[in-house]
Amino acid sequence: MTEEDFKLLIEQNLRIWQCTVLRITYNAEDADEAVQQALIAAWNKRHSFGFRAKPSSWICRIAINKACNIIRKRQRDTQRHLDYADRQSHDNNLLDKLREAIILLPEPSREIIVTAIAHDLNADKCAVLLNCSSGIFYRKLKKAKKQLKKIMEEL
């Protein structure tokens, strides 16, 4: 198939391909994208076309396949966005629950948790801030974590 044959084929069939694909995608931009991808694919594979079908039918089939690929990609993207939103919602609910649980901790335990987590300090620096040894800090932190876990389970 020569370049002139290909151009003539496009001129004669472009509108048909676009309408066919539009019935699949229900979106003019996606339909145009599918037809464009089909034309590029057909041009790149023109040497392997065996003329078992009409060239216009061959390109139409490629366009239909490209449209189906676009729809599948759109569905995957939509599902990914929904999954992400669900995870974000769950994470936000969990953070709200954690904040509430920290507020309900007794003051000494809350101070340990906030110092260790919120300030992102290592044990030695936390111990200095709280005027205790690292060993005592670890024990207090372990106790505060247990209390926090218990409150989280009750919420």
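Helices (H or I, at least four residues) and strands (E, at least two) are taken as DSSP runs and numbered from the N terminus. The structure is a predicted model, in which local features need pLDDT of at least 70 and side-chain atom pairs count only at pLDDT 80 or more, while totals for chains, interfaces and linings use all residues. Residues are numbered from 1 along each chain as its sequence is written, and side-chain values use heavy atoms, with hydrogens and water left out.

A salt bridge is defined as a side-chain nitrogen of Lys or Arg within 4 Å of a carboxyl oxygen of Asp or Glu; the whole structure contains 6 of them. Within helix α3, the side chains of Lys73 and Asp77 meet at 2.9 Å, N to O, and the two residues are 4 residues apart, about one helical turn.

Arg74 is bridged to Asp30, with the closest N and O atoms 2.4 Å apart. This pair links distant parts of the chain, since Arg74 lies in helix α3 and Asp30 in helix α2, 44 residues apart. With buried denoting under 20% relative accessible area, exposed over 50% and partly exposed in between (1.4 Å probe, protein chains only), Asp30 is buried at 17%, whereas Arg74 is partly exposed at 35%.
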